Amino acid sequence: MLQAATAWFSSSQISQNYTISIASTNAISSNSDVTPGTSPITPFTVGLWKVQEASHKTTQKKASIWTCDKRRVELDRLGPGGKEAALEALKAEISALRKLRHPCILEMVEPLEDTRSELIFATELVISSLGLAISSSGSPHEVELDEIEVQKGILQLTKGLAFLHQSARVVHSNLKLESVVLNSSGDWKICGLGHTIPFMSADGQPTQWEFPAYDNHLPAQIQRSFDYLAPEYVLDEQITPASDFYGLGCLIYAVHAKGEPPFRNRGNLSTIRSNMGRLEGGGGLQNMEGLDQDLRSLISALVTPKPATRLSAQTLPTHSYFSSLAISTLNFLDRSNFASKTREEKIAFMKGLNTVLARFSEGMKRRKILPSLLEEMKDPLLLSSILPNVFTISTNLDPSQFQSLVLPSLKPLFAIKDPPIVMMVLLENLEMLQSKTTKPAFRTDVLPLVYNALDSEHATVQERALLAVPALCETIDYAEVQGVLFPRVALVFTKTRILSVKVSTLNCFFSMVKTLDQSSLTQKLVPLLAKIRTKEPAVMMATLQVHEAMSLKVEREAVATLVLPQLWSMCVGPLLNVDQFGRFMQVIKVLGERIEREHTQYLRDSQRIEDKSAVAINGAAPVTSGSLDFQSLVGGNPIGASPASPNGRAPALSATGETPSWEDDVWGTILSDSQNSRATTPRAQSPALSPAYPKPNISARSVTSTLPSARALGAKPLHTGTLNTLPRPSSTPASPSPLSPPLPQNTRPPAISNASYLSASNPPTGGFSVNVMQPTSTTSSSSAKSWSTPQQQYNKPNYNISLSTPAGPSNTSSSQFQPWNPPVAALTSSFHQPQTNPKSFGMPPVQPQPPGLSMGLLAPSKPAAPAWGSGKSQKQNLSGLADFDPLL
C-alpha cells in the first residue's frame with residue numbers, strides 16, 4: 001500500500017490526462033517525415049529532456065511530453081549542489097518558454113509540474129530537433145532537409161528572433177542546433193530559452209554583463225555553447241541583438257556542414273580571440289567551397305567580428321539567397337500573409353501553384369503546403385482552383401496518410417452541387433480517390449459523390465459521372481451495382497432528354513451486363529430498353545450493343561421472346577444507314593442461329609429423356625445396337641449375355657436374316673413368357689379377363705405391362721402365369737384383353753416377325769383355347785410373305801390379333817372377329833398348348849421381382865371382382881376392364 005501511495009503522489013497530472021504513444025524505432029526517412037495520422041514518433045532527447053508523443057485522453061489532440069528524470073545518472077554524479085543548479089536551469093528555461101507566445105517560438109500546452117521523481121511539461125507536437133534532423137550519425141530521427149525547407153526555416157528563425165528582440169526585449173544568447181525543434185508541419189521553432197538576457201533590468205537600467213564562465217563539472221546542455229557565442233559578448237562585454245544573428249550565421253553553416261560549426265572553441269576564451277583575429281585578418285571561413293554563392297554570401301554577412309556589419313531581422317529576408325520562386329511561394333502561402341490577399345489574388349496564386357509544386361520536396365509539400373491548402377478550402381469559390389493542387393500532392397501519399405490528412409476535408413465537398421466545376425474536378429480524380437482509400441471507406445465516403453453527381457441538374461456533371469460508372473462496375477461488389485448503382489443510372493436514363501446523356505447511360509448498361517444477374521436483365525433492363533422511342537442512330541446502336549451483350553448471358557427463351565422482337569423493331573428505323581442496318585441484321589442472324597441450334601438440341605435431349613423414361617417404366621433397358629435380339633431382352637438375359645433364352649429357344653429371324661420388327665407382332669410378344677413364370681411363381685386370383693366364350697382355355701407366358709396408358713388408369717404391374725377360364729354366358733361377345741400400344745419406334749427393342757399370332761384352335765364343346773405362339777423359322781410361302789422390310793413394318797398396325805371361329809353353339813357370336821383373321825398359313829404355322837385346368841381363371845398374388853428385361857401384364861388396382869356367373873351384371877365386369885382399356 002505504501003508503494004502504491006508513493007506512486008500516486010509521484011505521478012503528475014499530465015501523466016493522468018495524456019496517453020503516451022508507443023512507437024517503433026523505425027527511422028524517419030527524408031521523404032516520409034512524421035505527419036498526423038501516421039505511426040507514432042520515436043522518443044528522442046533535447047538536452048536533458050526526453051520528448052515523447054502523446055494524445056489527450058479527452059480531446060485526442062496530439063502533443064509532446066517533455067520529461068527530465070531527477071534520478072538520471074548525469075544529475076546524480078553532480079552532487080547535491082550541481083544537481084540543484086542543473087534543475088534550476090531547466091526550470092528557468094520552461095519559465096521563459098511559458099511567458100513567450102509566437103508562431104516561431106515553441107508553444108507550451110501544459111505547464112511545468114515538479115514531482116518527486118521528475119520535471120514534466122507538454123508542448124505542441126514536435127518530431128525532431130534540428131541537430132537530429134541534419135545529423136549524419138545514422139540516428140533514427142534523421143530528417144534530410146532540402147534547400148527550400150532550410151531557407152524557409154531560416155526565415156522563421158529570423159521572425160522568432162525579431163519577436164524576442166522587439167517585443168520580448170531579450171537576447172537569446174544561446175542559439176544553436178539543439179535550441180531549434182521541428183514541429184509536425186515542418187516549421188522551425190525556437191526553444192532553449194534558459195539563458196535569455198533582457199535588455200533592461202527590473203529597475204529600468206541596462207542589464208549588467210556577466211562573464212560567461214564555462215563549468216566543466218556541469219552538463220554542457222545547460223551551459224552556453226562557446227561555438228555559437230558572439231565575440232562582442234565574450235570579448236567586448238556587449239549585450240546586443242546582433243549577437244543572436246551571429247549565432248544564426250553559425251547555425252546556418254552547421255546545417256550545411258552536417259552539424260559542424262564554423263569554429264571549435266571548446267569553451268576557451270583564448271580560442272575565441274584567436275579565431276576572431278584570423279577572421280578580421282581576412283582569412284574567412286573554411287570549407288565553404290562546395291556551398292552555393294548566395295549561401296556563402298549570406299553566411300559571410302552574418303558571421304563577422306563586428307556586429308554593425310551583420311545582417312539584421314529587417315535586411316536578412318531581402319538577401320538574394322531568399323529570392324527564389326519557391327521561397328516566394330511559401331511566403332505568399334503563409335497564413336499571416338495569405339489571409340490579407342483578395343479572392344482574385346488567391347485564385348491566380350492557386351492556378352499558378354501547380355506549376356511550381358515540382359520544386360518542393362515531398363516532405364515540404366506534405367507538411368507545409370498541403371495543410372495550408374486544406375485550410376483554405378472553406379471558401380467554395382476557391383475550391384476549383386485548390387483541388388487540383390491537393391490531388392497533385394496526394395499522388396505520392398500512401399492510403400493511410402491520404403485517409404487521415406485529405407479525406408476528412410474532402411468528404412463535405414462531395415455533396416456540393418454548385419458550382420458544378422467542383423464535382424467535375426472531384427469526378428476527374430475519382431480513380432485516385434478509389435486507389436487511396438480502402439473498400440469500406442470508398443463505399444461509405446466516396447461513392448456518395450457519384451450518386452450526387454447522377455442526381456445533378458447539370459448535364460455535364462451527369463455525363464462525367466456516367467463515364468466513371470464502367471470502371472466502378474469492375475471494382476465495387478455485386479450488391480452495390482445491383483441495388484444502388486443500377487437503379488440510379490436507370491433513373492437518369494428515363495428522365496434525361498439529352499442525347500449524349502442517353503447514350504452514356506446505355507454504355508453504363510453495357511458495362512453492367514456482366515455484373516447483373518439474369519433476373520435483373522430480363523425483368524428490369526429489357527423492359528427499360530423497350531421504352532426507347534427515339535430513332536437516333538447513336539441511341540439505336542448503343543441499344544444494339546447492350547442487347548448483343550445481354551443475349552450472351554440470358555436464356556434462349558428470353559432472347560427469342562424479348563430481345564429479338566426489339567431488335568427487329570429497331571432495325572427498320574428510318575435514320576439508320578446501310579452499315580448500321582447490316583450490323584443489326586448480323587446480330588439478329590447470330591441470335592437466330594443460336595436459338596435454332598440450342599432449341600434443336602433441347603428438343604433432341606427432351607426426346608431422348610422421354611424415350612429413356614419410357615423404357616425404364618416398361619422395365620427394359622435401352623438398346624444401343626441392333627446386335628441384341630428381342631427374345632433375349634424380354635427373356636431376362638442381361639445385356640451382353642448369350643442370346644439364347646432360358647427355355648432354350650433362339651430368337652426368330654426373318655427370311656432376310658434380319659431381326660423381326662416390333663409392329664409385326666405385339667400381343668404374341670408380350671404374352672411370350674408365361675410358361676417360366678407359371679412354374680416358379682404362385683399367382684393370386686384376379687378378375688376374369690377371358691373372352692365371352694364358355695370355358696376358354698388361355699395359355700400365355702409371363703406377361704408384364706406397365707405402359708404409360710395403363711399407368712394413367714391406376715393399374716399396377718403384375719407378373720402373371722396361367723390364366724384359367726371362368727364360366728361366362730355364351731351370349732356375351734368376346735373381348736380381347738386390353739393392352740397398351742407398343743413403345744415408340746426409336747426406343748423399341750428388336751421386333752418379332754408377324755408370323756406369330758394370337759390364334760384360337762377348335763376348343764372342346766362349349767369353349768375355346770387361346771395359345772400364344774412363338775416365332776419360328778419356317779420355309780412356307782405364307783410365312784415368308786409375312787416378313788417385311790423395316791420401312792414396310794413402320795406402315796403396318798402395331799397389333800395383329802386373330803381368333804378362329806369356335807365350334808358349337810357360340811359359332812355365330814364370333815363373326816365379329818373376322819376382320820382380324822390371319823392367313824391360313826399363319827394359323828397352321830402356330831402352335832399352342834392346351835390348358836390343364838380350363839375351369840379356373842385366376843391369378844397368383846403379386847410377387848416382387850427384381851428389375852429385368854421381361855414384360856408383364858397389368859392388373860387392375862381395384863379389388864378383385866367376382867367371377868362371371870356369380871349373379872353380378874355385365875356392367876361390373878366392364879368396370880373391371882376399364883382399368884386396362886381407356887376406351888371402356
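A residue counts as buried here when its relative accessible area is under 20%. Methionine 350, at 1% relative accessibility, is therefore buried. With that cut-off in hand, here are my notes on this predicted model.

1. **Methionine 350 and its surroundings.** Methionine 350 belongs to helix 13, which spans residues 343-353. Setting aside neighbours within four places in sequence, its contacts are Leu333, Phe338, Leu373, Ser385, Ile386 and Asn389.

2. **The chain as a whole.** The chain has 888 residues, and 50% of them count as buried. Its secondary structure comes to 35 helices and 16 strands. Among contacts with a separation of 6 or more, 71% are between residues 24 or more positions apart.

3. **Aromatic pairs.** How many aromatic pairs does the count come to? There are 8 aromatic pairs. One of them joins tryptophan 49 and phenylalanine 121, with 5.0 Å centre to centre and 90 degrees between the planes. Planes over 60 degrees apart count as edge-to-face, so this pair is edge-to-face. The pair connects distant parts of the chain, since tryptophan 49 is in strand 3 (residues 49-56) and phenylalanine 121 is in strand 6 (residues 118-123), 72 residues apart. Tryptophan 49 and phenylalanine 121 are both buried. Ring pairs also bring in Trp66, giving a cluster of Trp49, Trp66 and Phe121.

4. Threonine 67 sits in strand 4. Is threonine 67 buried or exposed? Its relative accessible area is 12%, so threonine 67 is buried. Not counting residues up to four places away in sequence, threonine 67 touches Leu48, Trp49, Lys50, Glu118, Leu119 and Ile120. Trp49 in that list is also a member of the aromatic cluster.

5. **Charges over rings.** Lysine 502 lies over the face of phenylalanine 493, at 4.4 Å from the ring centre. Arginine 556 has its charged end over the ring of tyrosine 602, 4.5 Å from the centre of that ring.

6. **The largest pocket.** The largest pocket holds about 1,300 Å³ of space. Its lining has 41 residues, and those nearest the pocket centre are Glu124, Asn183, Ser185, Asp187 and Arg335. By class, the lining divides into 13 nonpolar, 13 polar and 15 charged residues. At least two lining residues each come from strand 4 (62-69), helix 6 (147-168), helix 12 (335-338), helix 14 (362-375) and helix 16 (399-405). Which helix supplies the largest share of this lining? Helix 14 does, with 8 residues.

7. **The second largest pocket.** About 830 Å³ of space lies in the second largest pocket. This pocket is lined by 41 residues, with Lys176, Glu178, Ala220, Gln221 and Ser225 closest to its centre. Strand 2 (44-46), helix 4 (79-99) and helix 5 (130-133) are the elements that give two or more residues to this lining. Helix 4 contributes the most, with 4 residues. The lining comprises 17 nonpolar, 16 polar and 8 charged residues.

8. **A cis peptide bond.** If you plan to check the backbone, start with the bond from aspartate 418 to proline 419, which is cis with omega near 0 degrees. Proline 419 lies in the loop between helix 17 (407-410) and helix 18 (420-428).

9. **Positive phi values.** Lysine 258 has phi near 60 degrees, a positive value in a residue other than glycine. Lysine 258 is in the loop between helix 8 (242-256) and helix 9 (269-280), and its relative accessibility of 51% means that it counts as exposed. Asparagine 287 likewise has a positive phi near 60 degrees without being glycine. The loop between helix 9 and helix 10 (293-302) holds asparagine 287. Why does asparagine 287 count as exposed? Because its relative accessible area is 61%, and exposed means over 50%.

Key:
Residues numbered from 1 in each chain as written. Predicted model: local features only at pLDDT ≥ 70, side-chain atom pairs only at ≥ 80, totals over all residues. Heavy atoms only, no water. Phe/Tyr/Trp six-rings, centres within 6.5 Å; stacked < 30°, edge-to-face > 60°. Buried < 20%, exposed > 50% of the residue type's maximum accessible area, 1.4 Å probe, protein only. Lys NZ or Arg CZ within 6 Å of the ring centre and 35° of its normal. 1 Å grid on protein atoms, 1.4 Å probe; cavity = no way out; pocket = protein on both sides within 12 Å on 5 of 7 lines; lining within 4 Å. Points joined across faces, edges and corners; volume = space filled by probe spheres on them. Nonpolar A, V, L, I, M, F, W, Y, C, P; charged D, E, K, R; others polar. Contact = heavy atoms within 4.5 Å.
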